[in-house]
Amino acid sequence: MFIKVRRDTLIILILAFVLILSGRAMTYVSFASSDSVDDGVPIAGVMIKGNDIVPTSSIKSNIQAAGFREGSYIKGNTLITSQRQLLLSDAIQNAEEFAKQATIPGTSIAPINVVDVQVDSTSGNVVVNVVEDFSVIKVKVANGSTTPSANTETG
């Protein structure tokens, strides 16, 4: 029993088969030519949690300045960037200090009090937990007025 198939339908089916086959071949070739895991685990991304006022982009740029950025990777207990190599524990400590320096845009107010940076060395994910505490902001009265101003420069 034969199934009648029109010539244009047959051509479309053959083209679909060739596209699927070539797609599989390209996927295999791209995987085979990718960097090996022996080089280390690349930093996949930075996720910020707990911020309300300070923008995520400000915190993320400070974390990236500590070395957790695209192009960096973790090899064993070492963070390797394009500029230097440092211990992962030192990089985490630097990232915590840098994240505390993130300010509200347009001001010099840095309300971040506590930062916890967790790095998954198997997947390359960096999770930053931030606690904003406005009670740590130094408030001073400028020029004897009764209106307090937070971390502003007078001059």
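Ile112 is in contact (heavy atoms within 4.5 Å) with Val54, Ile59, Ala99, Lys100, Ala102, Val130, Val131 and Glu132, residues up to four places away in sequence not being counted. The model is predicted, with local features requiring pLDDT of at least 70 and side-chain atom pairs pLDDT 80 or more, while totals for chains, interfaces and linings use all residues. Residues are numbered from 1 along each chain as its sequence is written, and side-chain values use heavy atoms, without hydrogens and water.

Ile112 belongs to strand S6, residues 112–119; helices (H or I, at least four residues) and strands (E, at least two) are DSSP runs numbered from the N terminus. The relative accessible area of Ile112 is 5%, so the residue is buried (under 20%; exposed is over 50%, partly exposed in between; 1.4 Å probe, protein chains only).

Buried residues of H3 are Leu88, Ala91, Ile92, Ala95 and Ala99. Viewed down the helix axis, the buried residues fall within an arc of 100 degrees and therefore line one face, the arc being that of the directions from the axis to the C-beta atoms. The cover over these residues includes H2, S3 (73–75), S4 (78–80), S5 (85–87) and S6.
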